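Q: Before we look at the model, could you take me through how residue contacts, burial and salt bridges are to be read?

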Amino acid sequence: MSLKTAALTIGLMLIALVGHSQDLIVKKNGEEVVGKIMKVGVDTVHYRMLSDTQGPLRFVLRSDVASMQLATDPSQRQVGQLPQVDSGAHEYAVASAGRTGSTPLNASMTEELILKGRQDALMYYKGQGPLWGTAGATFLFPPAGLVTGIITAAVPPNVDDMFHPNYQLMKEPAYRDAFKKQAHKRKVGKSAAGFGIGFGALIALALMLGAS
């Protein structure tokens, strides 16, 4: 057997081995993630990239997953039909996956939690109360609306009292702080927008009355 043929044979064997051991996560938006699933938790699915099997764990929300296919179980199933599983190779250091004690987070995990916290805050914190509360107060009496907006924006939102499907991650300080800071920024923006809406409506009413 020539060296070229041997190399090709080994390459094909490696490809087949990788293909056999890979897991597949299919998201509801159609995106497919190929990797090695390490744990299916209550709220999240944790996996590693095949190109970096010793690298950091990544995760997706179970609510974003349409189906999964395990290498050990080729039949693709809905995520709700899958039991919670753990590869046992590594204990993920996030509370949603069962982190206990004082196990530290590595830098990559912390960055992922911070990014996810910001994304979730933009998705789930709507800030409609500050928006319309400030708008109403401004429409009735602009100085009062300005004061209302300033006071409302100064108080960080209570993230524990709002709807949030990924509540387990709130136990992680990195995720919680990022979520709260992003939600607060959004609240400030909503209060400012409310003042603009209320003042604009008042001006429009004055113009309408002046034209009549």
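Q: Which residues does P130 touch, not counting residues up to four places away in sequence?

A: A contact here means heavy atoms within 4.5 Å, and on that basis P130 touches Y125, T152, K187, K190 and S191, once residues up to four places away in sequence are set aside. The model is a predicted one, in which local features need pLDDT of at least 70 and side-chain atom pairs count only at pLDDT 80 or more, whereas totals for chains, interfaces and linings use all residues. Residues are numbered from 1 along each chain as its sequence is written, and side-chain values use heavy atoms, with hydrogens and water left out.

Q: Where is P130 placed, and is P130 buried or exposed?

A: Helices (H or I, at least four residues) and strands (E, at least two) are DSSP runs numbered from the N terminus, and P130 lies in helix α3, residues 128-140. Buried means under 20% relative accessible area, exposed means over 50%, and partly exposed is in between, with a 1.4 Å probe and protein chains only; P130, with a relative accessible area of 11%, is buried.

Q: Which residues of α3 are buried, and what covers them?

A: In α3 the buried residues are P130, L131, T134, A135, A137 and T138, and their cover includes α4 (142-154) and α5 (173-211).

Q: How many salt bridges does the structure hold?

A: Side chains of opposite charge can pair when their charged atoms come close. A salt bridge is counted when a side-chain nitrogen of Lys or Arg is within 4 Å of a carboxyl oxygen of Asp or Glu, and the structure holds 3 of them. In one, the side chains of K36 and D23 meet at 4.0 Å, N to O, and this pair links distant parts of the chain, with K36 in strand β2 (residues 32-40) and D23 in strand β1 (residues 23-27), 13 residues apart. K36 is partly exposed at 32% relative accessible area, while D23, at 4%, counts as buried.
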